[in-house]
Amino acid sequence: MSESKIDTRLWSSKARNLSPYVPGEQPQHDNLCKLNTNENPFPPSPKVGEAIAKVLEQQADELRLYPAPESDDLRAALAQLYDIDSNQVFVGNGSDEVLALVFASFFLKERPVLSPDIGYSFYPVYAQTFGVELVQIALEADFSIDPDAYRQPCSGIIIANPNAPTGLLLSLADIRKLAGEHSNSVIVIDEAYIDFAKLEAGSSETSVSAVSLINECDNILVTQTFSKSRSLAGLRVGMAFGNASLIEALTRMKNSFNSYPLDKLAQAGATASVLDVEYFEQTRQQVIDLRESLTAGLKALDYDVLPSHTNFVFARPKEGNANEVADKLREQGIIVRHFDKPRINEYLRITIGKAEQNQRLLDALKVLQANADVAAD
Ligand SMILES: Cc1ncc(COP(=O)(O)O)c(C=O)c1O
């Protein structure tokens, strides 16, 4: 609805003052090369469809009943995956919902919450929605996070790791340091893309995920999602891992808002996805391999590409402005994401597609460059 037609007379002042998150567009065109919202180019495990079909074919009658409120089977499968207890696992309707419950459960205090100035753009929206003061800490010039810059009183810290949209990874040593220096604050590590991350060569850690720290640090809460590495953005399932008391706070908050966030189909499909380890390993490795070849292709076209630990790359054309490149790609049905924000407006965030999609993008960029060279001559 156009702004001028909206009648806000009956709205609460809260509703009037909201500035909602604007998701990446979902255009519907034939032959679209959609590389803008970090969805997985591969389908979910076939076991997901089978599990959902089984519910519909054999237990359709049970859809008249409410689903398991705490998604017990799904939480047990996730607990087994990470070798932790079920009471250290929380699930919700996408990690966006889990993150909203995080803000309400841990950050609504006198002190502000700290977050990088370049990060997931939903955090400032939640802060505003829940009336939480958010202090943004500047990333270093190379877009890395300096844990020493977070040495100030706070109710909590929230960091996407790998960060979005930069794709850079913070080490577990730095996360451990943050947790140790802020023992009375909750350190939230949003691991939406962690399954695409790789340990740095020579690292002494055995994992990249901060889930491996939750028994050691009772103030670390890790969120993850089924939307990226498990190809299930449409099913809406996200999770959190942490100390049982943190999980209990989230559960109480959920039960004060929506007791049944995951329907029966989502619970069955997500559980089947977790159990199909082989498919998961195979597709995530394929995405990682495609990322490496897209990175090489972009570098060959003289793009600066940050070392990505995600299913997207953050790349800067050496010549021409990123916004213009995005517009020209769009004319050819190739959609990438450009953020019109200070410090990152020269970059494009490009989701890793299938090999043929990545090639179409590279071919289109090559033609754009050739045209620009002709125009310059
Ligand atoms: C860093 C980050 N966190 C959370 C999410 C939300 O994911 P979900 O689909 O689980 O709500 C996204 C989605 O793009 C993301 O980029």
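In this predicted model, an open sheet is formed by 3 strands in the order β9-β10-β12, with antiparallel pairing. Its edge strands are β9 (304–305) and β12 (348–351), each of which pairs on one side only. Strands of a sheet pair through backbone hydrogen bonds, either parallel or antiparallel. Here β9 and strand β10 (residues 312–316) run antiparallel and are joined by 2 bridges. Asp-304 has Arg-316 in β10 as its bridge partner.

| β9 | 304–305 |
| β10 | 312–316 |
| β12 | 348–351 |

The secondary structure of the protein chain as a whole comprises 11 helices and 12 strands. The C-alpha atoms fill a box of roughly 65 × 60 × 55 Å along the principal axes. The radius of gyration is 21 Å, which agrees with a compact globule, because a globule of 377 residues would have a value near 21 Å. Of the contacts between residues at least 6 apart in sequence, 74% join residues at least 24 apart.

Burial and surface composition complete the description. Of the 377 residues in the protein chain, 50% are buried. The accessible surface comes to about 17900 Å², and carbon and sulfur atoms account for 49% of that area. The protein chain carries 35 positive and 51 negative side chains; the centres of these two sets lie 4 Å apart.

Key
Residues numbered from 1 in each chain as written. Predicted model: local features only at pLDDT ≥ 70, side-chain atom pairs only at ≥ 80, totals over all residues. Heavy atoms only, no water. Helix = DSSP H or I, 4+ residues; strand = E, 2+ residues; numbered from the N terminus. Rg over C-alpha atoms; globule rule 2.2 N^0.38 Å. Buried < 20%, exposed > 50% of the residue type's maximum accessible area, 1.4 Å probe, protein only. Contact = heavy atoms within 4.5 Å. Areas by Shrake-Rupley, 256 points an atom, 1.4 Å probe, with all protein chains shown as cover. Lys, Arg positive; Asp, Glu negative; His and termini not counted. Charge placed at Lys NZ, Arg CZ, Asp CG, Glu CD. Pairing = 2+ DSSP bridges.
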